[in-house]
Amino acid sequence: MSSQTPVGSETRVGASVVEAPTAASVARSSHRPGQSPTRPKRFTPWLFLLPYLLLFTVFVIVPSVFGIWISLHEWDYTLPNKPFVGAENYTDLFDPGSVNAGSFWTSMRATGIFTLFSVPLLLVLPLLVALLMNRRFPGRNFFRAVYFAPYVLGVAVVGLMWRYLLDNNIGLVNFYLGVFGLPDETAWTTSLPAAWVALVGVTVWWTLGFNSVIYLAALQDIPAELYEAAAVDGANSWQQFRHVTLPGLRPILTFVTINTLIASANMFGQSYIITQGAPGRETRTAIYQIAETGLRNFQMGDAAAMSYVLTLFLMMISVIVFWLFREKKEKPLTSGGTK
Amino acid sequence: MGKRLRFTRFMQGAAIAAVGALALAGCSGQPGGETAGGDFTGEYDGPEVTLQYWNGFTGGDGPFMEQMVDEFMAEHENIKIESTTQEWSDFYQKLPAAVTAGEGPDVGVMHLDQLATMAARNVIVPVDDLADELELSADDFTEEVWDAGVYHDARYGIPLDVHSLAMYYNTDHFAAAGITEPPTDAASFADALAKLKAAGFENPFWMPALWPAHLMDLSLIWQNGGEPYSEDGAEATFDSPEGVEALTWMRSMVDEGYSPADVAADSQYVAFKNGETSITWDGIWQINDLTESGIPFAAAPVPTIGSDSAVWANSHNFFLARQAAADANKANAAKVFIAWMSENSGEWAKAGMIPARESVRDSGVLDGTVQQPIAEQIGSMRFLPAVPGLGAVQAETLEVAVADGVLGKAPTEEALTREADRATQLMEENLEKFGE
């Protein structure tokens, strides 16, 4: 067989060839009878992309565009007439006198509060857990499983369980707080800010394992030699963490941050089941409100407009996060790639 | 009871139907929608059909419904019923979507207060012919239950039962406090609470902020002589002085120390099952669950705190989905199913419900049941008006106002006014949306 299997037109770093084999040269040299031409056709990459592209189109592009269309109408799919209202569904959201504006912005604020408190915790705590789990100690696998276990539970299980555990009058949480002589009168699900503490706490407990596993995988990818070198240079463990671990985690950190951010901004099940939005409408998140408006009240046009406003916010935040991480990436190690 | 009776009934029905077929066909141009699969012939002798049957009996009532379905199938060899049971809240979200997509049920059960909504959304079809065939008429039902099944001059539901709020009390606690009779009005209720407290039951009446708090609130509004919504569906009036009085009374239970503050979702019910609280108001559909829990309890009508005796109630109604209407065989089989269920609704009393038909109620099925004292008050049961979309509006507004009021997050009047304004806006939008 040909010794130089072409990898598309990609240049292999470190390869001894001066000139990368171009598609044309490969095609000329290796076109023999009985062997299929290896010259990549123009549409070959598209062929590979096709299955995903198809799914992406059907389940993302089309619904998104259709969603915009819906948001421009007073849309109730069970009714024959769906009058066009233009941007009214959007302008209504900014008009304090309209039905949905008040509750929508309350729910946006709720989403904001939840995200603000849950994301930092979900970035830092799993990292600490991952650092611990990365050490060698007896029973390590057991503890890894313990931290990951809640993540496999569905939101209904988690929600229902904590709803009863957190119940301020009959729940175990307050009972044990009382046993230890701590204040045991907190209304975890019906008063503020306790409800936020409860929701954030439950979410952290529930999803911490996922981020931990990703961190753990990333930690194991950091070459041990780097730590050895750092140790030889006399770096203490904090310095090792600061100058070896953190830079090594940076690419993963972007992923984890964006992912956690979006997951937190999409929080719905926890408040739906644990607090049912109480007190009043205070812990109703944006997704909760959108679901109520669209699926229960059948105001799908308004709900679609709401979700586009939410999307816009999420996109802005994602851009900011990307921008933040890219900025930092350039500063430290540029020569870190050497062995 | 039975088989023969039912047989003759069907024969009779078939005869009537045969004679009246032309006449019925002539006058069955229901204004509300299409006629389901031609006129009902009283029995089904076509090829074997499988009916998709949807209901929301997820609680203590579920097993009894399953049993009735099994009995029905045993008696009807050519009709197979496939039941799908899901939470009511999911049910009402999924049903329109499923029917629109052609994946819905053929027959099902829904609440009385949803019939108008689903009819307006063209999810269900009229069943006037079925009511005629069964010789069902207003005589056999309480007026309100019967009338609320009509939307735009067509009947959409065949009532199976009525179910209301009830007052459950722990009989041990009552005995310990020396209360011999369940309280019936504001004075005796207050007296009972005071006695219970004196007997060492610190919080005898937990006041929920969420379900079923709004049902308690509605009951109290009616007791005070008010109405939560205008009959024409154009306005929410639950912030009227009567409404404010109702919610204020609910909050006063907390202020006076009969209820702990900040009662979380479901916990008043759990507390009652644990014997931590002495009295709770909840639906009669909880009877089997309470019996099973083994606590010593009894049920009584909700006391009249206001001036009139009134209590919130609802009714499970059989409906025919638009889907079945396209297939005459399915439509007829579904009607046979509904007819059988209606005639055998005495069985349903075991599920803790009150059969909707007076003839069934009077047949003695309620004798000795827990719900018997409540069934006697059927005249004072009140139902929400048949306004499309009202259920969703209420969940969005009244429920929030009640929660705020009970939790003390806002003064009752302020919470009610704020949410009533919002409800009125939503109701106006609905009126426009559903036309006429």
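Predicted model: local features only at pLDDT ≥ 70, side-chain atom pairs only at ≥ 80, totals over all residues.

In chain B, the C-alpha centres of domain 1 and domain 2 lie 32 Å apart.

**Domains of chain B**

- Domain 1 of chain B comprises residues 3-160 + 315-365, and domain 2 of chain B comprises residues 165-312 + 388-433.
- Where these domains meet, twelve residues of domain 1 of chain B are in contact with seven residues of domain 2 of chain B.
- The area buried between domain 1 of chain B and domain 2 of chain B is about 770 Å², and carbon and sulfur atoms give 58% of that area.

- The size of an interface is often expressed as the accessible area that is lost when the parts come together.
- Between chain A and chain B, the buried area is about 3100 Å², with carbon and sulfur atoms giving 50% of it.
- Chain A provides 34 residues to this contact, and chain B provides 35 residues.
- The count of salt bridges between chain A and chain B is five.
- The side chains of A:Arg281 and B:Glu419 form a salt bridge, with an N to O distance of 2.7 Å.

**A pair of helices in chain A**

- Helix 5 (residues 140-148) and helix 8 (residues 194-221) of chain A pack with their axes 7 Å apart, at an angle of about 135 degrees.
- Helix 5 of chain A and helix 8 of chain A are therefore oblique to each other.
- Helix 5 of chain A contributes A:Arg144, A:Tyr147 and A:Phe148 to the contact, while the residues from helix 8 of chain A include A:Leu208, A:Gly209 and A:Phe210.
- The residues of this contact between helix 5 and helix 8 of chain A comprise six nonpolar, two polar and one charged.

**Features of the backbone**

- Most peptide bonds are trans, and most residues other than glycine have a negative phi.
- A:Leu192 and A:Pro193 are joined by a cis peptide bond, with omega about 0 degrees; A:Pro193 is in the loop between helix 7 (172-179) and helix 8 of chain A.
- In chain B, the peptide bond from B:Trp211 to B:Pro212 is cis, with omega near 0 degrees; B:Pro212 lies in the loop between helix 8 (186-198) and helix 9 (213-223) of chain B.
- A:Phe298 is a residue other than glycine with a positive phi, near 60 degrees; A:Phe298 is placed in the loop between helix 12 (286-296) and helix 13 (300-330) of chain A.

Methods
Residues numbered from 1 in each chain as written. Chains lettered and ligands numbered in written order. Heavy atoms only, no water. Axes fitted to C-alpha atoms, helices over the stretch in contact; angles between N-to-C directions. Helix = DSSP H or I, 4+ residues; strand = E, 2+ residues; numbered from the N terminus. Parallel < 35°, antiparallel > 145°, perpendicular 65-115°, else oblique. Contact = heavy atoms within 4.5 Å. Nonpolar A, V, L, I, M, F, W, Y, C, P; charged D, E, K, R; others polar. Domains from an automatic or database assignment. Buried area = accessible area lost by both parts, 1.4 Å probe. Salt bridge = Lys/Arg side-chain N within 4 Å of Asp/Glu carboxyl O.
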